[in-house]
Amino acid sequence: MVLKKKIIRFATKFQERDLEKSFQLDYCIPVYHSVSDVDLAHLKHVVNYKNVQDFEKDLDEMSRFFQFVTWEEFKDFHAGTFKAEKKIALLTFDDGLSEFYFNAVPVLLRKGIYAINFINPKFVDNKELMFRAKASLILEKIIATNSRNPEIFKLLDISDFAEKTLKQKILKIPFEKQKILDQIADLAEVDLEEYVKTQKPYMNLEQLKSLNRQGFGISNHGWDHPLYKDLTLKEQIENTQKGAEFLKENQFLTDGFAFPFTDFGVGNSFFDQIFQHEYDCTFGTAGIKLDSVTKNFQRIPMENGKSASQTLKEEVAYFNLKKMINRNQIVRK
Ligand SMILES: [Zn+2]
């Protein structure tokens, strides 16, 4: 908390107009998931998404400091064949959520800004909810209905039904134990199948193809959104390549990959293997940070309740603090 306060104080010291100069890298890669003016039960407890107006404000702020580029331009920039007028920004979205199609894209088309969406092929066409979305939806329903099923206490290994405890426990259920979420859903009478069918949280194949035709990028976020550090190397490669097969079949982008959740704890052997395939670069979510794997770029999470310029200012300040203690680069083993 003390460190966080220091960063914010430090961040507010410099003026917005200095941001372009003080931003330490020559590229900025913001990452979003959703943009929505309405409450989304399957997202509200796991993603602090922005409304359309705030998203648009973010884009305007970032446009002052950066030049938004396309996927091809981003790759050319790093190959040294694309000359930009300002520092560049690549707008990215994760998870293939339908609000990208309905809410973000109309704004992007109007402003002429490119974006790439890293998707999990398993959820395309809304056959199932991703486990984090299940967690959010179940939590929302239990809170709303005040359900007190003792079987849920037992499954979660809790003795009180305080909202805070419940929230912590349900949101902590990992990928490997996601079956527990299905059991809780049954006990709390949450019809996950009905929800996914009627709410359609993810884009379908036709929508993805339409975005592709309009010039937006669709790329790989792994098959079904596991936490990579908890997988064996073999499982990491399999999950990545199973996602890539779908992208290839549909002529989407197969030369990019964004880690689901985080690349924290992913070792060099994964990158050594993956870069033998057609990948040009990969993406994490550690903010402004360098990486010992130079083709793995860290992105800046933007869904934190703050404006883009405030987020960037804090990131710049945090990078400077980390630099002082030599912690501004991720070193992989
Ligand atoms: Zn994701």
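Student: Which residues coordinate the zinc ion here?
Tutor: In this predicted model, the zinc ion is coordinated at 2.1 Å by Asp95 through OD and by His221 and His225, each through NE2.

Student: And how are those donor residues spaced in sequence?
Tutor: The spacing of the zinc donors reads D-x125-H-x3-H.

Student: Are His221 and His225 buried or exposed?
Tutor: His221 counts as buried because its relative accessibility is 1%, and His225, at 3% relative accessibility, counts as buried too.

Student: Switching to the sheet, in what order do the strands come?
Tutor: Three strands make up an open sheet in the order 1-4-3, and their pairing is parallel. Strand 1 (27–28) and strand 3 (66–68) stand at the edges with a single partner strand each, so one side of each has no neighbour in the sheet.

Student: How many bridges link strand 1 and strand 4?
Tutor: Strand 1 pairs with strand 4, which covers residues 87–89, in the parallel sense over two bridges, and Tyr27 stands opposite Ile88 of strand 4.

Student: What about helix 3 and helix 5, at roughly what angle do they cross?
Tutor: The axes of helix 3 (residues 52–65) and helix 5 (residues 98–111) cross at roughly 35° and come within 11 Å, and the crossing is right-handed.

Student: Which residues make that contact?
Tutor: Helix 3 contributes Val52, Phe55, Glu56, Leu59 and Asp60, while helix 5 contributes Asn103, Ala104, Val107, Leu108, Arg110 and Lys111.

Student: And what does the contact of helix 3 with helix 5 have by class?
Tutor: That contact has six nonpolar residues, one polar residue and four charged ones.

Notes
Residues numbered from 1 in each chain as written. Predicted model: local features only at pLDDT ≥ 70, side-chain atom pairs only at ≥ 80, totals over all residues. Heavy atoms only, no water. Donors = N, O, S within 2.8 Å, 3.2 Å for Na, K, Ca; no water. Buried < 20%, exposed > 50% of the residue type's maximum accessible area, 1.4 Å probe, protein only. Pairing = 2+ DSSP bridges. Helix = DSSP H or I, 4+ residues; strand = E, 2+ residues; numbered from the N terminus. Axes fitted to C-alpha atoms, helices over the stretch in contact; angles between N-to-C directions. Left-handed = near helix turned anticlockwise from the far one by under 90°. Contact = heavy atoms within 4.5 Å. Nonpolar A, V, L, I, M, F, W, Y, C, P; charged D, E, K, R; others polar.
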